[in-house]
Amino acid sequence: MTNDTVLELRGVTKSFPSHKAVDNVSITVGRGELHALLGPSGCGKTTCLRMVAGFETPDSGQVLLNGTDIAPLKPYERNVSTVFQSYALFPHLNVFENVAFGLRQRGEASIDSKVKAALDLVRLSQKADRKPSQMSGGEKQRAALARSLVLEPDLLLLDEPLSALDPNLRQTVRQELKALQRRVGITFLMVTHDQEEALSMADRITLMNQGRVEQVGTPQDIYLKPATRFTAGFLGAVNWIGDIGIRPESLHLARQHPGNGASVRSARITHSTFLGDCYHVQAEITEGQQVMAQVPRSQNGYHPGDQVQLWWNSADELHIPK
Amino acid sequence: MRLLSLYAVLAYAFLHLPLLVLSVFSFNQSRFTQWEGFSTRWYAQAFADPALREATLNSLLIGGAATVLATVIGTLCAYALWKRKSPPISSTLYLSLMTPEIVTGVALLAFYQWLFHFLNLQLGMMTVIFAHVSFCLAYVVIVVIARLRTMDGTLEEAALDLGANEFEAFYLVTLPQLAPAIVSAALLAFTISFDDFVITSMVAGVDSETLPMVMYATARRGVSPILNAVSTIIVVGLGVLILASERLQTKS
């Protein structure tokens with residue numbers, strides 16, 4: 001473990017009576033990074049988060065926070081803090097008292113100014129007297145963030161931070177969360193099942209599947225150089241033509257053979273779906289083999305039944321054996 | 001709609017008319033069920049009756065003690081059941097509600113008689129209070145656990161996360177959420193304890209005759225308008241408690 005590592009899960013395993021949730025998982029989270037723990041539901045990512053927070057104890061393995069194994073410690077004995085999916089704001093306390101809760105537990109001085117600074121940070125100074133029930137979803141999330149950040153944790157855990165928000169609010173909050181993380185410089189470990197969320201926000205992603213780590217890397221690494229077919233498929237659609245994988249945005253359509261040295265297949269169009277900014281065009285290469293191409297609106301004009309040439313650049317190919 | 005309203009009025013009349021008649025005749029000049037003019041003489045006599053006064057005091061004492069004990073024990077029971085999520089144990093609670101009072105009474109009496117072999121005790125205040133705690137307990141657990149089940153379980157985790165230990169999390173976060181339900185459960189327990197006749201009469205001793213027991217004994221000796229007055233006071237008093245309990249439950 002280097003000085004640049006805040007958190008390291010080392011060979012962590014956790015079983016529940018019904019299933020093995022986490023199977024020999026190792027994860028490293030660097031200091032100051034926004035790390036996303038990504039995977040489908042039931043992949044063990046939330047159990048990992050709960051073991052870091054202290055709500056679950058691993059059966060075996062270590063949870064190292066700044067080099068110290070915190071696995072046996074109670075939640076209140078470790079300097080990590082969680083922003084819960086439901087936010088879990090205390091309903092009987094106003095925003096100010098919610099944010100002050102942790103400071104009071106620590107018996108800290110100058111609670112007033114610390115809470116005010118935290119509320120300023122998340123633009124909630126005007127709502128300090130409000131009860132959680134009187135706030136919008138976005139405001140509740142910011143209150144929950146302030147409540148955790150005011151404690152200056154070594155690591156902030158976020159459990160599906162955007163899932164309880166309105167879809168049209170999520171885009172903005174993604175940017176805001178990332179900007180906030182940069183400003184406070186606290187390491188964020190975020191659990192999400194939404195690959196777009198992970199790609200757009202994270203510095204690095206750990207992708208999990210069925211209790212194991214599938215791949216670790218930057219969003220670009222994971223999207224452009226998936227190590228497994230699961231990774232390739234989870235981060236976006238892939239067309240498999242033999243052993244070659246092509247993403248829909250890399251698959252191009254032409255009436256005639258493009259003659260540019262690219263790989264080409266003849267195909268017949270079966271469907272064309274308008275998505276606003278582009279079309280998803282489905283085509284049949286051979287009997288029963290469908291592929292999907294994402295076509296810019298300006299280049300559309302294809303109809304079901306048309307014979308076309310599909311082409312792609314070899315640089316865009318994904319080579320992953322089955 | 002009009003028919004429906006009429007139906008509702010009739011149903012309420014069926015429920016409440018006897019109580020109305022009772023309270024009207026409690027203010028009757030005559031001791032018979034024939035109106036002869038307004039009077040508060042039965043109330044005056046009721047307050048002057050030493051047996052009724054002692055029994056009322058006993059009932060309040062027993063009700064108070066049983067309420068405090070049943071509420072504390074029951075709230076902790078509900079909390080434990082909620083934490084451990086053990087439905088088999090929860091469902092046996094309803095057994096306690098379904099058991100006929102006379103059976104509970106016989107069972108408690110047998111239990112006490114067996115216990116008296118080992119302990120130098122006899123039927124009295126303590127045995128009545130213990131009996132009342134035992135039949136109030138299930139009501140408290142059911143009211144409190146209903147509230148707990150609507151509570152976000154991550155609230156306690158959030159408290160732990162913010163540095164509170166398990167006791168602080170319960171005291172600072174869970175208890176305030178439960179407060180209205182606990183008060184409501186206590187009011188309910190008190191009314192149930194105050195009401196009880198069957199079980200109490202089986203486990204009471206000479207020093208622990210409750211108001212319902214004395215009223216029953218009086219009624220056996222013949223009609224007394226004093227009972228009308230006492231009953232009216234009880235109905236109004238418990239009615240206020242029940243309404244308060246209901247209001248707190250809907251509020252929580």
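In what order do the five strands of the open sheet in chain A run? Going across, they come as E13-E17-E14-E15-E16, and the pairing is antiparallel. Helices (H or I, at least four residues) and strands (E, at least two) are DSSP runs, numbered from the N terminus, and two strands pair if DSSP finds at least two bridges between them.

Now the housekeeping. This is a predicted model, where local features need pLDDT of at least 70 and side-chain atom pairs count only at pLDDT 80 or more, while totals for chains, interfaces and linings use all residues. Residues are numbered from 1 along each chain as its sequence is written, and chains are lettered from A and ligands numbered from 1 in the order in which they are written.

On the E13 end, three bridges join E13(A) to strand E17 (residues 307-312) of chain A, running antiparallel. A:Ala254 sits opposite A:Gln309 in E17(A).

At the other end, strand E15 (residues 278-286) and strand E16 (residues 289-296) of chain A are joined by eight bridges, again antiparallel. One of the pairs to look at is A:Tyr279, whose bridge partner in E16(A) is A:Val295. E15(A) and E16(A) make a hairpin with two residues between them, and A:Gly288 in the turn has a positive phi of about 85°.

Next, chain B. What does its secondary structure come to? Chain B has 11 helices and zero strands. Its C-alpha trace spans about 70 × 65 × 30 Å along the principal axes. Of the 252 residues in chain B, 32% are buried, meaning 20 or more other C-beta atoms lie within 10 Å of the residue's own, with C-beta atoms placed from the backbone. As for contacts (C-beta atoms, placed from the backbone, within 7 Å), take those in chain B between residues at least 6 apart in sequence: 78% join residues at least 24 apart.

Last stop, where the chains meet. The contact takes 17 residues from chain A and 14 residues from chain B. On the chain A side, strand E6 (80-83) and helix H2 (95-106) are the elements that give two or more residues.

Terms used
Two residues are in contact if their C-beta atoms, placed from the backbone, lie within 7 Å. A residue is buried if 20 or more other C-beta atoms lie within 10 Å of its own, exposed if 12 or fewer, and partly exposed in between; C-beta atoms are placed from the backbone.
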